[in-house]
Amino acid sequence: MRSNLTTTAKVYLAIVFVILYAPIFYLIFYSFNSGGTMSSFESFTLEHYKAVFNDNRLLVILINTTIVALLSALIATMIGTLGAIGIVSMSNKKMRRTLLSLNNILIVSPDVVIGASFLILFTMVGIQLGFTSVLISHIAFSIPIVVLMVLPKLFEMNTNLIDAALDLGANRRDVLTRVILPYIKPGIFAGFFMALTYSLDDFAVTFFVTGNGFSTLSVEIYSMARAGISLTVNAISGLVFVVTVGIVVMYYLITKRTRKSGEV
Amino acid sequence: MANDTIIRFDNVTKSYNSNTTVLKGVSFELERGKFYTLLGPSGCGKTTILRIIAGFEAPTTGDVFINSKRVNNVPANERQVNTVFQDYALFPHLNVFENVAFGLRIKKVKEAEIKARVAEALKFVNLAGYENREITEMSGGQRQRVAIARAIVNDPEVILLDEPLSALDLKLRTEMQYELRELQQRLGKTFIFVTHDQEEALAMSDEIFVLNEGNIQQSGTPVDIYDEPINRFVADFIGESNIVDGVMLEDYKVQFAGKVFDCVDGGMKQNEKIEVVIRPEDLHLTTPAAGKITVRVDTQLFRGVHYELSTYDKDGNEWLVHSLKQAEVGAQVGLDFDPEAIHIMRLNETEEEFDARIEAYTNEV
Ligand SMILES: Nc1ncnc2c1ncn2[C@@H]1O[C@H](COP(=O)(O)OP(=O)(O)OP(=O)(O)O)[C@@H](O)[C@H]1O
Ligand SMILES: [Mg+2]
C-alpha cells in the first residue's frame, strides 16, 4: 500500500499516537525508578518488579486473572461459536433478527449495568461471590463478542458446502467438524482472543461480582492506586502491557497463517 | 427394461410455500448408464429436480424411486448419488487431494486405498499432479474438474451436474463438453446434466427433457426434439425456428403463407388450425420465380459459418434464413424448402397425444 499522506496528516497521526501511548510509557518508565515517586527519576532499578514477584498475594491474583481469562475465553468461544451456528441456521428470519439484536444490545450495554445485574442475580440465586461468580460473568459478557466475531464468517460461507458434504456421505457431526468449524476457524480465533483481552482488562463487572478475598488484577490495581502511589502498580501495569502486546502479536501471526492457507 | 431403470419420478410436485408450485407433476424414468439433460429456462425447476434426486429436498407429493426403492425419506448422505454443484462447492480449506478424498474419508476407507482412488480420479479428469494445489490456485475449468473428480471417486450410480459449464468461456466450454461426454461413456454411469443452453443439450445427451414452469414439455433424443418439437415453446427454445399459423387441409396437405404445400405429417382433423415450423437452415435462397415463397430481405448478419437473414413475406410473417450465400438487403428473393422441412404442431397437444398420433399415422402408411 502506498501512503499518500500529507505531512500535516502524518504529524497529526504521530501526535494522536503519542497522546494515546504516552501515559502508558510514562507509567512503565517510572516502574524502573529507584525513587519512590513518579515525579523525579533517580536511577534505574528492577526492585519494583522484584516486589511484584515476591508478593505472593499479587502472584496469586495474577494467576487468578489468567485462569479466569483463559477459562472464560475458552468456554465463551465454545458456547458463542455453537450459538452463532445455531442463529445462522435458524429458518425463522424474524427470530434470527431478534436474537442478533439481543446479542448486540449486550455488547453495547454499559459494564456497570451488567455488573450490577449479575450481582443481583448471584445474590438471589445464592451463588457465593468469588471465583465462580467472576468466571460466570466473564463467560457471559464474552459470549456476545465471540458470536459477533464468528458471524461474518458464517454468513460468508456458501451453504452449498454443507449440501456438498452431505452429498458425499457426511452426517451432521461430520458437517460440523469437517466443514463448518474449519471454515470459520479464523473467526473462532478472533473471538477467542477478543474474549481473552476483554476478560483480562475487565474492571467494572468484576468489581461488582467479586468477593470473599478473590480478586483480579484490574480490581487489585484499582485498590492499590486508591491506597496511595506505589511503583509496584507501575510494574504490574508494565507486565500486563507486555502480555497484551504478546497476545496481539500472537493473534496476528495466527490469522496470517490461517489466511494464507484457508482463503477462497 | 424395468431392470435398467435407475431413477423414477412418479407425479412429483414441489412447493416451497403454499402459493407457488415449482414442480407441477413431473414423471419420468431414467435408464442406467445414459446421459440425460434437463433443459429449460431459468427458474423452471431444473435445480429443484436435482435437489430432490440428491435428497436435499423432499417432494411435496408424488414418489421418487432409486433402483426401484422409494427414497422419499432417505437422507442425502445415504444415497448412491453425487452432485457437481453449479458453483462447484469445493471446500476452500482443503487442497485438491483432500477435496477429492472427502467422501472416502467419511466412509473410513483405508489410507492406501484413498491415495490410489484419488490419484485415479484425478487422472480421469486430467489433473494428475495437482494433488497439493490449493483450490484458490486452480482455474475455473480446473475447479470444475476437481468437482467432477470429487463426485466420481465415490463410485456413485448417478452423477448430477448442475450447469457445471456455465461459468466457462466458449472454448473451454466446448472442450469440457467433449470431455464430459467421453467421461460418461468411459465410466458407464448415469449422468443427469442441467443446462439452459440448447446447443449444449443437443450435443451431449442421449435424451433431453425440456422443462418449462415446472412441467416436462417434451422428452426424447436430441434429433427427435430438434426435428419434431411438440409445441411453440419447445420449437422456440431448441434452436431458432420460423413458426407461422396454418391450416391442415387434409393429411399431407398444409396451407400457410397463402399457399398450399405438400408435407409429411398427418393424423389431424380436416381443416384443423395448426402451427408450422420450418428451421432457418432448411430454407434455401433462390429466385422469386423458383421459390415457394417470395420474401424481402430486411437485415443480414454474418454469423461466421453462415449469413443470418431476416426476411418478410407479403403478409408480414418473418422468415429467418441461414444461408451460405450472401443476399442483397432490400431485394426480393424466393425461398425454397422440401416437404420434409415442414413440421406441423397441433395447438395444445400433450406429449402422450403427440406420441399416439405419430404412432397411429406411421402405422397407417
Ligand atoms: N428454497 C426455496 N424457497 C423458495 N423458492 C425456491 C427455493 N428454491 C427455488 N425456489 C423457486 O423455485 C423455482 C425453481 O427454482 P430452480 O432453482 O429449480 O430453477 P432452475 O431451473 O434451476 O433455474 P436456473 O437455471 O436459474 O438455475 C424458482 O422460481 C425459485 O424461485
Ligand atoms: Mg439452477
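**Notes on a charged spot and on chain A**

I looked up B:Glu352 first: its relative accessibility is 61%, so B:Glu352 counts as exposed (over 50%; under 20% is buried, in between is partly exposed, with a 1.4 Å probe and protein chains only). B:Glu352 sits in helix 9 of chain B, residues 351–364 (helices are DSSP runs of H or I with at least four residues, strands are runs of E with at least two, numbered from the N terminus).

Before going on, I noted that this is a predicted model, where local features need pLDDT of at least 70, side-chain atom pairs need 80 or more, and totals for chains, interfaces and linings use all residues. Residues are numbered from 1 along each chain as its sequence is written, chains are lettered from A and ligands numbered from 1 in the order written, and side-chain values use heavy atoms, without hydrogens and water.

Which residues gather with B:Glu352 in a patch of negative charge? I found B:Glu353, B:Asp355 and B:Glu359 there, on the surface. Such a patch takes residues with over 30% relative accessible area and no salt bridge, like charges being joined within 9 Å; a salt bridge is a Lys or Arg side-chain nitrogen within 4 Å of an Asp or Glu carboxyl oxygen.

Then I turned to chain A. I get 11 helices and 0 strands. Its C-alpha atoms fill a box of roughly 70 × 60 × 30 Å along the principal axes. Of its 264 residues, 39% are buried.

Key:
Patches are made of residues with over 30% relative accessible area and no salt bridge: like charges are joined within 9 Å, nonpolar side chains (Val, Leu, Ile, Met, Phe, Trp, Tyr) within 5 Å. Accessible areas come from the Shrake-Rupley method with a 1.4 Å probe; for residues, only the protein chains shown count as cover. Lys and Arg count as positive and Asp and Glu as negative; His and the chain ends are not counted. The place of a charge is taken as NZ of Lys, CZ of Arg, CG of Asp or CD of Glu.
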